[in-house]
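Hi everyone, thanks for coming along. Please take a moment with the picture before I start, and then we'll walk through it together.

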Amino acid sequence: MDIAMIGLGRMGANMAQRLQRGGHRVVGHDPMEAARTRAAESGLEVFATLAEAVAALPVPRVVWLMVPAGDTVDQTLAQLVPHLAEGDVVIDGGNSNYQDSIRRARSLADDDIFYLDCGTSGGVWGLQEGYSLMIGGDAATVEQLAPLFQALAPAADRGWARVGPNGAGHFTKMIHNGIEYGMMQAYAEGFALMERKEEMELDLGQVAEVWRHGSVVRSWLLDLSAQALQRNPALDGIAPYVEDSGEGRWTVAEAIALDVPAPVITLSLLERLRSRQSNSFSDRLLAAMRNEFGGHAIKKI
């Protein structure tokens, strides 16, 4: 099949390469010249403008967006739609809010353009291992484009599916990332406990490697933790500062809206926020209160 990949960052460029390996023709565009240069050096057919990339495709056209969620998606669509026609397909493979995806699908439907929201998981390892794809949108369109999804997935018969109507792909990916927050936090706390128990003289990389095989807590996140701990056992040079990319916040907001208790996911998000406070006002106030009611000592800085 023929497809345009718009956005040639780490994910987009790797996905384009995997599609090429699967026998598909991929043309690409990125507003950043450096990204276009890197993609061209990997053998991708790259165009300097979005219009040129779309024009290089046969009709009906398939355009995959791998751009940052939010306004950037809307801005890209505003540039893209004038170059599309009835029957063309746009796939948003980024981490868009599912409500935005529903809105965009309705807007494009007015021009008889199909819109699929595809939650994409796999990170920088996707080129080698394949991507997990959660697709929302018209069932017939998903079926028509199955060869593309099969090439990106770990195997043709697994790791991808149409999970529901427009919005369902990004909703599912949002929950996936919320779960990921909780799993990562649990691993981090467990290894922190073992690191603190100095008299046991534990080799955390060794423990992680043992757990990877046969343990009920084995997972790809544990595999990656084992690699990180073996390379850098004390995690030297890594600041205790954890970002969040938005999906965890959206998951917590959805839990509140649906009256579904999600304490683990919620607390894991709050711990990420806490990690960014180098001089926490709340902690300082707690110390002051203990001093006021009990005369407990205050540690000075």
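Let's begin with the largest nonpolar core, which has 27 residues. Met5, Leu19, Trp64, Ile91, Leu116, Leu145 and Phe149 touch the most other members there. By a nonpolar core I mean a set of buried Ala, Val, Leu, Ile, Met, Phe, Trp, Tyr and Cys residues joined through side-chain atoms within 4.5 Å. Buried is under 20% relative accessible area, exposed is over 50%, and partly exposed is in between, using a 1.4 Å probe and protein chains only.

Helix 8 gives the largest share, four residues. The numbering of these elements starts at the N terminus, and they are DSSP runs: H or I of at least four residues for helices, E of at least two for strands.

Before I go further, please remember that this is a predicted model: local features need pLDDT of at least 70, side-chain atom pairs count only at pLDDT 80 or more, and totals for chains, interfaces and linings use all residues. Residues are numbered from 1 along each chain as its sequence is written, and side-chain values use heavy atoms, with hydrogens and water left out.

Now zoom in on Met5. Leaving aside residues up to four places away in sequence, Met5 touches Gly12, Met15, Ala16, Leu19, Val26, Val27, Gly28, His29, Trp64 and Met66; contact means heavy atoms within 4.5 Å. There is also a second, separate core of 20 residues, and Val27, Val73, Leu84 and Tyr115 are among them.

On to the sheet. In what order do its eight strands lie? The order is 3-2-1-4-5-6-7-8, in an open sheet with mixed pairing. Two strands pair if DSSP finds at least two bridges between them. Strands of a sheet pair through backbone hydrogen bonds, either parallel or antiparallel. The edges are strand 3 (45-46) and strand 8, each pairing on one side only.

Let's follow the pairs across. Strand 1 and strand 4 run parallel and are joined by three bridges, with Ile6 partnered by Leu65 of strand 4. Strand 4 is also parallel to strand 5, through four bridges, and here Val63 has Val90 as its bridge partner. Val90 then partners Tyr115 in strand 6, as strand 5 and strand 6 pair in the parallel sense over four bridges.

Which way does strand 7 run relative to strand 6, parallel or antiparallel? The two are antiparallel, with five bridges between them, and Thr120 sits opposite Leu133 of strand 7. On its other pairing, strand 7 meets strand 8 (residues 160-164) in the parallel sense, over four bridges, with Met134 opposite Ala161.

How covered are these strands? Strand 4 is covered on both faces: Val62 and Trp64 are buried on one side, and Val63 and Leu65 are buried on the other. Strand 7 is mostly covered, with four of its five residues buried.

Strand 4 also takes part in a right-handed β-α-β unit, together with helix 4 (residues 71-80) and strand 5. Right-handed means that, with the strands pointing away from the viewer, the path from the first strand over the helix to the second runs clockwise.

Next, a pair of helices. The axes of helix 9 (residues 168-196) and helix 12 (247-257) come within 8 Å and cross at roughly 100°. Axes are lines fitted to C-alpha atoms, for helices over the stretch in contact, and angles run from 0 to 180 degrees between N-to-C directions. Helix 9 and helix 12 are therefore roughly perpendicular to each other, a label used for 65 to 115 degrees, while under 35 is roughly parallel, over 145 roughly antiparallel and the rest oblique. Among the contacting residues are Phe171 and Tyr181 of helix 9, and Trp250 and Glu254 of helix 12.

Finally, some backbone details. The peptide bond from Val59 to Pro60 is cis, with omega near -5°, and Pro60 belongs to the loop between helix 3 (50-55) and strand 4. Leu235 is not a glycine, yet its phi is positive, about 55°. Leu235 counts as partly exposed, at 40% relative accessibility. Asp259 has a positive phi too, near 55°, and at 69% relative accessibility Asp259 counts as exposed.
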